[in-house]
Amino acid sequence: MLETNRYLVINIRRYLNSDNPKLGESRLLQVLSGFSCLRNPDVERFLKKSSVEFTKKNQSVTYLVFDISSMVLVGYFTIALKPLTVRGETVSNTVKKKLLRVSEWDEKSDTYTMSAYLIAQLGKNFTNGADKKITGEELLALAWDKIKEIQYLGGGVVTFLEAENEEKLLSFYRDNRFSQFDTRQTASDTEESHELLQLLRLL
C-alpha cells in the first residue's frame with residue numbers, strides 16, 4: 001500500500017494562482033529548473049517548456065510530487081481529459097459492457113468513443129539522486145489516486161496512457177493493471193512519425 005503521508009502532491013495552479021511572493025510563476029519556474037530526466041528528455045522538456053502553458057490553457061494539469069521529509073521534488077505527473085476511441089475487437093466483452101455506460105457506440109464499426117483520463121506525462125527527477133526517494137509504482141499510484149478524486153467529482157470510467165514499445169516499460173504498466181488496446185502514430189512537424197502503444201485501465 002502507498003504511504004501517501006510520505007509525499008506532497010501539488011497542483012501547479014497553486015503557484016500560478018497565488019499572490020504569495022514565495023509562490024507565483026517565477027518560483028514555479030525555479031522549482032522546475034531543478035528537474036532532470038536524461039533517460040527521457042521528452043519528460044524533462046514537457047515539464048520545463050510546456051506544462052505551465054498547457055495548464056493555463058486548461059489543456060492539461062501538471063502535479064509536482066515532493067518528498068515530505070526533505071521537500072525535494074522527486075517527480076511529476078500530468079493529467080488531461082481527452083476523446084478516445086476504442087475498437088471493440090481489441091477489448092474483452094466485460095470491458096465493452098463498461099465502456100457502453102460512458103461511450104457512443106458505433107455498431108457498424110464496433111467502436112466506442114468517449115472522454116477519458118489521459119496520464120500524459122509521468123517522470124522521476126534524477127537530479128542529485130532524488131529519484132531514489134520514490135519508486136515508479138508509487139508515482140503512478142499518486143497519479144491514479146488523483147484521477148480517482150476527479151472521477152468522484154465528475155464521473156468517467158477509462159484512464160489511458162501511451163508508451164514507447166519497450167518491454168521493460170510495458171511490463172511496468174502491465175504490472176500496474178494497464179492493458180494494451182491499440183497503437184497510434186505520432187504526428188509532429190519537427191520529428192519523424194513513430195508508433196506508440198496505447199494502454200487502458202478502468203476505474
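**Before you start**

This is a predicted model, in which local features need pLDDT of at least 70 and side-chain atom pairs count only at pLDDT 80 or more, while totals for chains, interfaces and linings use all residues. Residues are numbered from 1 along each chain as its sequence is written, and side-chain values use heavy atoms, with hydrogens and water left out.

**Stop 1: colour by confidence**

Colour the chain by pLDDT, which is the predictor's confidence in each residue, from 0 to 100. The chain averages 93, and 96% of the residues score at least 70. Helices (H or I, at least four residues) and strands (E, at least two) are DSSP runs, numbered from the N terminus.

**Stop 2: the largest pocket**

Rolling a probe the size of a water molecule over the atoms shows where empty space is left. Here a 1 Å grid is laid over the protein atoms alone, and a pocket is an open set of points where a 1.4 Å probe fits, with protein on both sides within 12 Å along at least five of seven lines; lining residues have an atom within 4 Å of a point. Grid points are joined across faces, edges and corners, and a volume is the space filled by probe spheres set on the points.

The largest pocket holds about 1,900 Å³ of space. Select Asn40, Val43, Ala120, Gln121 and Glu162, which are the closest to its centre of the 45 residues that line it. Next, show the elements that give two or more residues to this lining: helix H3 (41–56), strand S3 (72–87), strand S5 (111–124), H5, strand S6 (158–163), helix H6 (167–175) and strand S8 (195–202). Which element gives the most to the lining of the largest pocket? It is S5, with seven residues. Coloured by class, the lining has 21 nonpolar, 12 polar and 12 charged residues, where Ala, Val, Leu, Ile, Met, Phe, Trp, Tyr, Cys and Pro count as nonpolar, Asp, Glu, Lys and Arg as charged, and the others, Gly among them, as polar.

**Stop 3: the second largest pocket**

About 200 Å³ of space lies in the second largest pocket. Select Val31, Phe66, Met71, Val72 and Leu73, which lie nearest its centre among the 13 lining residues. Helix H2 (24–32) and S3 are the elements that give two or more residues to this lining, and its residues divide into eight nonpolar, four polar and one charged.

**Stop 4: the nonpolar cores**

A nonpolar core is a set of buried Ala, Val, Leu, Ile, Met, Phe, Trp, Tyr and Cys residues joined through side-chain atoms within 4.5 Å. Buried means under 20% relative accessible area, exposed over 50%, and partly exposed in between (1.4 Å probe, protein chains only).

Select Val65, Phe77, Ile119, Ile134, Tyr173, Phe178 and Leu199, which touch the most other members of the largest core, a set of 24 residues. Strand S2 (61–67), S3, S5, H5, S6, H6 and S8 each supply at least two residues of this core, and H5 provides the largest share, six residues. Apart from this core lies another, of 16 residues, among them Ile10, Tyr15, Val31 and Tyr76.

**Stop 5: single residues**

Select Ile150 in helix H5 (residues 136–154). Ile150 counts as partly exposed because its relative accessibility is 29%. Leaving out residues up to four places away in sequence, Ile150 touches Tyr63, Ile79, Tyr117 and Gly155, contact meaning heavy atoms within 4.5 Å.

Move on to Leu203, in the segment after S8. With neighbours within four places left aside, the contacts of Leu203 include Tyr117, Trp144 and Gly156.

Finish with two loop residues. Asn58, in the loop between H3 and S2, has a positive phi of about 60° although it is not a glycine. Arg177, in the loop between H6 and S7, has a positive phi of about 70°, and it is not a glycine either. Are these residues buried or exposed? Asn58 is exposed, with a relative accessible area of 56%, and Arg177 is exposed, with 57%.
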